[in-house]
Number of protein chains: 2
Amino acid sequence: MRHVDVLIIGGGPAGISAAIWCKRLGIDCLLLEEQSQLGGQLFNIFNEIIDYPGMRTKNGIEMQREMVKHFVEMDCLYEVNTKVLFIDERSKTVKVKKQAKKQEICYTYLILATGSSQRKLGVPGEQQMIDRGEVYSASADGERLKGKTVAIIGGGDRAFEGAHLLSSKAREVYLIHRSTRFKAREQYVERIISNPCIKVMTDTEVTAIHGDRHVTSIDLESKNKEYKNKEYKNKEYKNLLVDAVLIRLGVAPNVDLIKGKVATAQNGLIVTDDVHQSSNPFIYAIGDSCTTPLFSSISSSAGQGAIVAKQLSSMLNI
Amino acid sequence: MRHVDVLIIGGGPAGISAAIWCKRLGIDCLLLEEQSQLGGQLFNIFNEIIDYPGMRTKNGIEMQREMVKHFVEMDCLYEVNTKVLFIDERSKTVKVKKQAKKQEICYTYLILATGSSQRKLGVPGEQQMIDRGEVYSASADGERLKGKTVAIIGGGDRAFEGAHLLSSKAREVYLIHRSTRFKAREQYVERIISNPCIKVMTDTEVTAIHGDRHVTSIDLESKNKEYKNKEYKNKEYKNLLVDAVLIRLGVAPNVDLIKGKVATAQNGLIVTDDVHQSSNPFIYAIGDSCTTPLFSSISSSAGQGAIVAKQLSSMLNI
């Protein structure tokens, strides 16, 4: 059976950084990525990246290219299209599948860099919208959404931030949330509720997204018919004409593989100490699988990759 | 009196990152740097930087250039040649001096990014050697030191790592330490003690470095005349002919300004929580002033800058 000292699951910025650092420190290391390319959530960044010190890129793909170039130049070992099926933490073995071929890999230390995923609505038309590339950034796509009618779905910080940013650009902004309670910070909520350009609909679920070439409308189901802004209190929308939908339901850490095997917090994040060790002394976690979205960034993921590799170098007596 | 929401002291990678992130998050922020240029310890990196994911640079100066370019493009506010004389944590004010001019700046939050400094021997000839540029990296300068006689001064990991790396390149390697106890990891010590190419002298102090155009010899004072390698046990060196001296006495965090005002650990580092808050709720610390050298890196400093700015953005309700 193949053995590596350090096995990294996940090839986003955290995993790439850990692999580069392992290589730099002379650690025998292998990185596994489920997708056909390394980069992880970098593929979801469509706006300019201005917050990775020393390196500004047009978008996530350009950052991905630079990080992968660095990774490949360093001769880091990796496998793409390789799905981890099972982690057996007792025998310190993972079962993986690459195309039809299954194999087992044995590790001394495991680094989980599995990242997080955007939560989806799970309604008809949603995937088609994403596949058509109708994925917007509220901060970067202000011009693209100028004069449009925009629906933002969600009740957290990012939904409210998006509504605030777009309220000065778009023709109309609807903020639609399935509950009457918001997870967003209070000052965000106050700012939006008092903004006459934003129509806040609570207790309202989106049940479908329509449109062939681009989004044209959404179906709504209102549970309590209670709307926060006075003027919308007694109106009921069953179908709302919109030009764009921004789904802001937050992210969930990708921790299915490790559930019940290491301690996780109530928000689903893997609990680690300051050198990123989980509750299992042979399993470490870095990046968005253990970092709250509020503190998530390419910079901090890269920093965590450095720290975990330095820690493992010392554990492995290299 | 001038007031800023966030005042950053120190313009190395940690401070630069914090400032870029503050700007990105819309925080009113000012960075103060004592030297004439931003960059901090980047100026001490003479070898290729291969461990900042996405960006490889020839040396620290090239990294400094890219980071400062980014910082300036983002319109971050800063002052160079500005020495902080005193921090009054009660009135949340710092007294600074720029050339002859003194002024006071009031802050809501203070970020200490003061870094660390290489410890020096403090002997005649040392500063002249540094000023002549005779500063070597054991990992990068193997070829430059090939066939030379090299003295490495220190008893920690970096001294032992340097001796190990150079033992296959240099003609002779002396590892000179003022005590018989080593701070280096045991496996490092064993590797060096059993290496016949390295002469280990303990209880020996370097009292002077000689040489006009380049180092030619060092003066030694042996306290106990006890040498670790058998063959050197009964020899006494008063002057040792060497071609190069590598001072590896470790680093000390730059915390003089804040001594007694925030909690520090036994190793001198500022104690912080996971969002980099110190024991004073209005004072944060990032980078080498709060990070052990073992875990220090440009990546982790940049990551800490991101985290502290995100935390302060939330504290300031931005």
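Predicted model: local features only at pLDDT ≥ 70, side-chain atom pairs only at ≥ 80, totals over all residues.
**Entry 1: two loop residues in chain B**

I started with B:D203. Its phi is near 50 degrees, a positive value in a residue other than glycine. I found B:D203 in the loop between β10 (198–201) and β11 (204–210) of chain B. Is B:D203 buried or partly exposed? I get 18 other C-beta atoms within 10 Å, so B:D203 is partly exposed.

Next I looked up B:N81. This residue is not a glycine either, yet B:N81 has a positive phi of about 55 degrees. B:N81 sits in the loop between β3 (78–79) and β4 (82–88) of chain B. With 13 other C-beta atoms within 10 Å, B:N81 is partly exposed.

**Entry 2: a sheet in chain B**

I then followed the strands of an open sheet in chain B. Four strands make it up, in the order β10-β9-β8-β14, and their pairing is parallel. Which strands stand at the edges? They are β10 and β14 (244–247) of chain B; each has a single partner strand, so one side of each is left without a neighbour in the sheet. From one strand to the next, I noted an average twist of 20 degrees.

Strand β8 (residues 149–153) of chain B pairs with β14(B) in the parallel sense, over four bridges. Opposite B:V150 I found B:A244, which belongs to β14(B).

**Entry 3: α1 and α2 in chain A**

A reminder to myself: two packed helices are described by the angle between their axes and the distance between the axes. In chain A I took helix α1 (residues 13–24) and helix α2 (residues 60–73), whose axes come within 10 Å and cross at roughly 25 degrees. Angles under 35 degrees count as roughly parallel, and α1(A) and α2(A) are therefore roughly parallel to each other. I noted a left-handed crossing where α1(A) passes α2(A). Which residues make the contact? From α1(A) they are A:P13, A:I16, A:A19 and A:I20, and from α2(A) they are A:M67, A:H70 and A:F71. Sorted by class, this contact of α1(A) with α2(A) has six nonpolar residues, one polar residue and no charged ones.

**Entry 4: α1 and α2 in chain B**

I turned to the helices α1(B) and α2(B). They pack at an angle of about 25 degrees, and their axes are 10 Å apart. α1(B) and α2(B) are therefore roughly parallel to each other. Their crossing is left-handed. In the contact I listed B:P13, B:I16, B:A19 and B:I20 from α1(B), together with B:M67, B:H70 and B:F71 from α2(B). By class, I get six nonpolar, one polar and no charged residues for α1(B) with α2(B).

**Entry 5: where the chains touch**

Last, I looked at the contact between the chains. How many residues does each chain give? Chain B gives 33 residues and chain A gives 33 residues. On the side of chain B that touches chain A, the elements that give two or more residues are α1 (13–24), α2 (60–73) and α6 (298–315) of chain B. The largest share of that side comes from α6(B), with 10 residues. By class, I noted 15 nonpolar, 12 polar and six charged residues on the side of chain B that touches chain A.

Technical notes
Residues numbered from 1 in each chain as written. Chains lettered and ligands numbered in written order. Axes fitted to C-alpha atoms, helices over the stretch in contact; angles between N-to-C directions. Parallel < 35°, antiparallel > 145°, perpendicular 65-115°, else oblique. Left-handed = near helix turned anticlockwise from the far one by under 90°. Contact = placed C-beta atoms within 7 Å. Nonpolar A, V, L, I, M, F, W, Y, C, P; charged D, E, K, R; others polar. Buried ≥ 20, exposed ≤ 12 C-beta atoms within 10 Å, placed from the backbone. Pairing = 2+ DSSP bridges.
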